[in-house]
There are 2 protein chains.
Amino acid sequence: MKVKTNEGLMNYKTIWFDKENNIVKMINQPLLPHKFEIISLKNYKETALSIKNMTVRGAGAIGATGAFGLAQGCFAFRGNLKDFWKHFEQVYETLKNTRPTAVDLVNGMNYVMREMEIGDSVTECQKLALEAAQRFADEDAEHCRMIGEHGEKLIKNNSRILTHCNAGWLAFVDWGSATAPMYKAKRNGKNIFVFVDETRPRLQGARLTAWELSQEGIDHAIIADNAAGYYMKKRDVDMVIVGSDRTIGKTGDVANKIGTYTKAVLAKENGIPFYVAIPMSTLDWNLNSGDEIPIEERNPEEVLFAWGLDENGNRKKIRIANKDSVARNPAFDVTPAEYITGIITPRGIFKPNELSKLRD
Amino acid sequence: MKVKTNEGLMNYKTIWFDKENNIVKMINQPLLPHKFEIISLKNYKETALSIKNMTVRGAGAIGATGAFGLAQGCFAFRGNLKDFWKHFEQVYETLKNTRPTAVDLVNGMNYVMREMEIGDSVTECQKLALEAAQRFADEDAEHCRMIGEHGEKLIKNNSRILTHCNAGWLAFVDWGSATAPMYKAKRNGKNIFVFVDETRPRLQGARLTAWELSQEGIDHAIIADNAAGYYMKKRDVDMVIVGSDRTIGKTGDVANKIGTYTKAVLAKENGIPFYVAIPMSTLDWNLNSGDEIPIEERNPEEVLFAWGLDENGNRKKIRIANKDSVARNPAFDVTPAEYITGIITPRGIFKPNELSKLRD
């Protein structure tokens, strides 16, 4: 997607692979929105570290990083086929252990592994690994683009859309999930306005989604999470589009960033359509209901402190809350299917109870 | 209420009058929760400034400050009765112009003015002014205490209560409105736990309510505003109690800090009782519905920046949002009566549609 740089408006992906130099390149996301910087990861260990320290975040982007990291590690190998597979194991485990619960990381690596298993020489395995990793990343972008194609049809001219957190292209390789319909609408000449929930505690809306929309020139305003209901009740919001971390295929319940459930309840109360945009990889066919999804509780410091830039442009962490108080910090919540108008997938838009059609 | 100081646990009011030295004293609220400091205002101009620069905030506390400031200004006068009333006018106007829209400020001053009008000497007018101001402040505290008496009966042992913003004693002279039932319950030996919405953008929950509850030793946790719905859906919240800036007597609609409407919708959706605690002065008998209440939009910087303490204990303002983005910042919202279980007043607990009984 577009990024405003000193050299003008440029097209970027979140992550890509420099084959000639065997380098993984990515946007350094913790620096956003204050600084746009590309980071070069010279070997698979550096790439693994970029996942671990959250230089890259978001399901699709992590999946592509895993795939590229595995190809990068394979590519650097010199030796015989037997030793190659030993080396492969080591690369795979190093990458996997960075974020053991990230399903997309393993998905990305397994995709590469399956494709390269037919190789009968080191060189062929390396070639297959690289092709597979690139295909995995391209498919991630293409799936998001298709979400945009389908979702865009829901957006009328002059629509005012509310979104929560960052389900944007920074969380994927390109386009994003919740944002893809907005980008498509804009490029198709529709006039849209986006209410961006700041999304406490980590402020992914105020930092990342607002940055993305700025780069694409989409009219938007950041609001405190508390203000979403006010604008919905005033009928200033025509539709809500959010992303999803996990979608229960059997029921259509959706786990997403904390606060998503609240927006869904407010939308239903005010008769506003509530859409969830998902790539196929977030679909979970094992669980029977959203109630079974475990909810991670994150570091309470995220609530008690804020991070940003001081007046000199230096990064600062400040305490914003009473020092003798504790905080509780659930990272996700579950929105039951009854609050969801439709689920936008790369294969079309489905009612929550129709997702089983996608099980193949 | 209680404050932990170097000399141990002390009792404080938000504002009081030192008659001997003609000094208004108050808690310096912008320093909270990071520093507890009493500020001495040596003349009515300093007292006026404390209202203007928000050293004191909250309806009840501002009303008492106006009353004390007026008495303080009258007390400093030396001269004849005719000049006294000229001086009075000047004091009255100076105080009134600090926050022209604060209804309680004028209420407090008019109360003092009415009481002193019968005085037929400067000394008698001064004496009457002082007595009236003290009575006004005492009544504010007493009304809040009565809210506590009535509201406490709603709180069962081991209740988990959610509150939004700061409708605590810092916003009044003592006890607070939404917090008074909690303080009474605690003092009556009930075990309670309070979920404190941090209340973006100004974080009055994380800063002031959390500080108050800490001082009183009430078990609590600060949560991101986004997490309130999660805990309600999980049935971890037994009841909600909030304050009100303006309550429409004819309908029971309530204007309060932005986000209150959202909590009310979530409470209704999850079958959780939602109470609003109000002193009589917030009742508005002129408007016919909450829709007529004008909603102030505050400085967008409140959303784009955060204020707090850095690691060296210095006060810092940091940018937390994308720099090319704008923000919208409505300060209040209106919760329609249909979402409100009961309104806790100094004269008892009423259904929203029963408030007309209080019109006398």
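1. Between chain A and chain B, 32 residue pairs are in polar contact, both residues at pLDDT 80 or more. A polar contact is a pair of N or O atoms within 3.5 Å; within protein, one must be able to donate a hydrogen and the other to accept it, and residues adjacent in sequence count only if both atoms are side-chain atoms. On the side of chain A that touches chain B, α9(A) gives the most, with seven residues. By class, that side has 33 nonpolar, 14 polar and 17 charged residues. Here Ala, Val, Leu, Ile, Met, Phe, Trp, Tyr, Cys and Pro count as nonpolar, Asp, Glu, Lys and Arg as charged, and the others, Gly among them, as polar.

2. The model is predicted: local features need pLDDT of at least 70, side-chain atom pairs count only at pLDDT 80 or more, and totals for chains, interfaces and linings use all residues. Residues are numbered from 1 along each chain as its sequence is written, chains are lettered from A and ligands numbered from 1 in the order written, and side-chain values use heavy atoms, without hydrogens and water.

3. The contact (heavy atoms within 4.5 Å) takes 64 residues from chain A and 64 residues from chain B. The buried area is about 5000 Å², with 55% from carbon and sulfur atoms. Buried area is the accessible area (1.4 Å probe) that two parts lose on being put together, summed over both.

4. Five salt bridges cross the interface of chain A and chain B. The rule asks for a side-chain nitrogen of Lys or Arg within 4 Å of a carboxyl oxygen of Asp or Glu. One joins R200(A) to E198(B), with the closest N and O atoms 2.6 Å apart.

5. Strands also pair between the chains. β8 (residues 219–223) of chain A and β16 (residues 326–328) of chain B run parallel over three bridges. A221(A) has V326(B) as its bridge partner. Pairing requires at least two bridges found by DSSP. Helices (H or I, at least four residues) and strands (E, at least two) are DSSP runs, numbered from the N terminus.

6. Within chain A, four strands form an open, mixed sheet in the order β13-β10-β11-β17. β13 (283–284) and β17 (332–335) of chain A stand at the edges with a single partner strand each, so one side of each lacks a neighbour in the sheet. T247(A) has L283(A), in β13(A), as its bridge partner.

7. Chain B has an open, mixed sheet of four strands in the order β13-β10-β11-β17. In β13(B), D284(B) is the bridge partner of I248(B).
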